[in-house]
Amino acid sequence: MIVFPAIDLIAGKVVRLERGDRARMKVYSDDPVAVARSFAEQGASWVHVVDLSAALEEDDDACAANAAAIRAICQVEGLSVDVGGGVRSLARIDELAGYGCRRIALGTVLVTEPGFAEVAARGFGNLLVADVAARDGMVKVNGWRDDVARTLDDVVGELTSLGFRHLVYTDIARDGMQTGIDVAAYRRVAELAGFPVVASGGISSLADIRALAVAGSDAIEGAITGRAIYEGVFSVAEALAAAEDSGTAAKDTAAAFGEEGVC
């Protein structure tokens, strides 16, 4: 299971929002490159970067500061960048790919412009990630501010038909709240998609990391965690170790049951 430590950016600063609320923002650092470098030094191979200024359609200065930060994070040795937030055009996908981003997430346009999403999926394939956020089973867009009157089941099913093979699912009610996770919800989304998903929202302990890893690679591709790291609940190194140990244990258990079945 991939552990994606998160860097959420507003005007070039590392922040976290509670439930996506801009008014409930906490700034953790004004040096996102140093944060990314510290993640790499602890063993992370991926980082999840969110351009909140672009997603929230903030002013040009804020977006430019974030763009500079993303370019610099892409230069951190040994770190692959998964980026999203406000990606609404093929030109923006090209721009981020040019920075060196290894995965690029589409969110709002997946729902508001399905024709564009289909063209993008055909043109960029495995580079793209479908980023879906929901509260109480209903999808939200535009920085989680707007309803679209579409269910999670409906949207995920459509994205699969368009050809997406990476999906981040965010439980908005839990995001940034450190309230724990609902593993069953991620399993269900993976079943709808037909491939493993990246879990986001509410990870509050190493037990949550372990539970996701134990769920297995058929359901969980990775886990995004931010606030718990910044608040010192656990380190990136500890999260990576928990994911690896639990994943290994799950494989051993599955192998043991398989051997018993053969007997």
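## Aspartate 94

Aspartate 94 comes out as partly exposed because its relative accessibility is 47% (buried means under 20% relative accessible area, exposed over 50%, and partly exposed in between, with a 1.4 Å probe and protein chains only). This is a predicted model, where local features need pLDDT of at least 70 and side-chain atom pairs count only at pLDDT 80 or more, while totals for chains, interfaces and linings use all residues. Residues are numbered from 1 along each chain as its sequence is written, and side-chain values use heavy atoms, with hydrogens and water left out.

As for its place in the fold, aspartate 94 sits in helix α4, residues 90–99 (helices are DSSP runs of H or I with at least four residues, strands are runs of E with at least two, and both are numbered from the N terminus). Go 10 residues along the chain and you reach isoleucine 104; the two C-alpha atoms are 9.8 Å apart.

## One side of helix α1

Helix α1 covers residues 32–41, and its buried residues include Pro32, Val33, Val35, Ala36 and Phe39. These residues are on the same side of α1, because they span an arc of only 160° around the axis (the arc is that of the directions from the helix axis to the C-beta atoms).

After α1 comes glycine 43, with a positive phi near 110°.

## Arginine 22 and glutamate 58

The model has 11 salt bridges, each being a side-chain nitrogen of Lys or Arg within 4 Å of a carboxyl oxygen of Asp or Glu. One of them joins arginine 22 to glutamate 58, at 2.7 Å from N to O. Arginine 22 is in strand β3 (21–29) and glutamate 58 is in the loop between α2 (52–55) and α3 (60–73), so this pair links distant parts of the chain, 36 residues apart.

Lysine 26 belongs to strand β3 and glutamate 231 to the loop between α10 (227–230) and α11 (236–262), so the bridge ties together parts 205 residues apart in sequence.

Glutamate 231 also pairs with arginine 227, their closest N and O atoms being 3.9 Å apart. Together, Lys26, Arg227 and Glu231 make up a network of salt bridges. Lysine 26 is partly exposed at 37% and glutamate 231 is partly exposed at 34%, whereas arginine 227 is buried at 10%.
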